[in-house]
Amino acid sequence: MTGLPSLRPVEAVERDLLRRWPESRLEPSLDRIRALTDALGRPQDAVPVVHLTGTNGKTTTARVVDDLLRASGLRVGRCTSPHLETVRERIVVDGAPLDEERFAAAHEALQPALEQVEARHGVLSFFEVVTAMAFQAFAASNVLRRPLAMRGRRPTPRRQQPAPMPRCRRNPLLQGLRRMQ
């Protein structure tokens, strides 16, 4: 016995993530993340995605899109970086970071596929692992969908389809999102 206090599961996940390539080390390639998402069953294809690019303002824009979609009744997931206080801030579902239990569970669920991919492609970066965790969390949370209408104990099958995007004649952002459907 070392006398050291045991780590909470979320602390163990953060420690594992920090041992990976830092985000400042760049090796531009989609091979590793593509192999990992393929091994996971392509969770990124389970929900519609708004992908923001550019130099400045991505997090602010992501928060605005998140707020607009949630205000229209949709369940929304958001993945942004960097984080300010805790790495859990990077994966947000319904406006709140994943709680410690869900964050640790997302990391744990990733392990078999992660080990398989790293055996072939080498160690994945911090960013690649967090991105895969976000894809899985969003797919599991059924984001960008309206909550299911429940009758009794079972969801109504016809209500499991993605909800239509809100109609707005003057807001180009919502018009663009509506065209994505």
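This is a predicted model: local features need pLDDT of at least 70, side-chain atom pairs count only at pLDDT 80 or more; totals for chains, interfaces and linings use all residues.
The salt bridge count comes to 9. I'll take three of them.

Start with Arg8 and Glu100. Their side chains meet in a salt bridge at 2.6 Å, N to O. This pair links distant parts of the chain, 92 residues apart. Arg8 sits in the segment before helix H1, and Glu100 is in helix H4. Arg8 is partly exposed, at 40% relative accessible area. Glu100 is partly exposed too, at 32%.

Next, Arg32 and Glu128. Here the N to O distance is 3.0 Å. Again the link joins distant parts of the chain: helix H2 holds Arg32, helix H5 holds Glu128, and 96 residues separate them. Buried or exposed? Arg32 is buried, with a relative accessible area of 6%. Glu128 is buried as well, at 8%.

Third, a local one. Arg70 bridges to Asp67, with the closest N and O atoms 2.8 Å apart. Both lie in helix H3, 3 residues apart, about one turn of the helix. Arg70 is partly exposed at 31%, and Asp67 is partly exposed at 43%. Shared partners then join Asp66, Asp67, Arg70 and Arg78 into one network.

Key:
Residues are numbered from 1 along each chain as its sequence is written. Side-chain values use heavy atoms; hydrogens and water are left out. A salt bridge is a side-chain nitrogen of Lys or Arg within 4 Å of a carboxyl oxygen of Asp or Glu. Helices (H or I, at least four residues) and strands (E, at least two) are DSSP runs, numbered from the N terminus. Buried means under 20% relative accessible area, exposed over 50%, partly exposed in between (1.4 Å probe, protein chains only).
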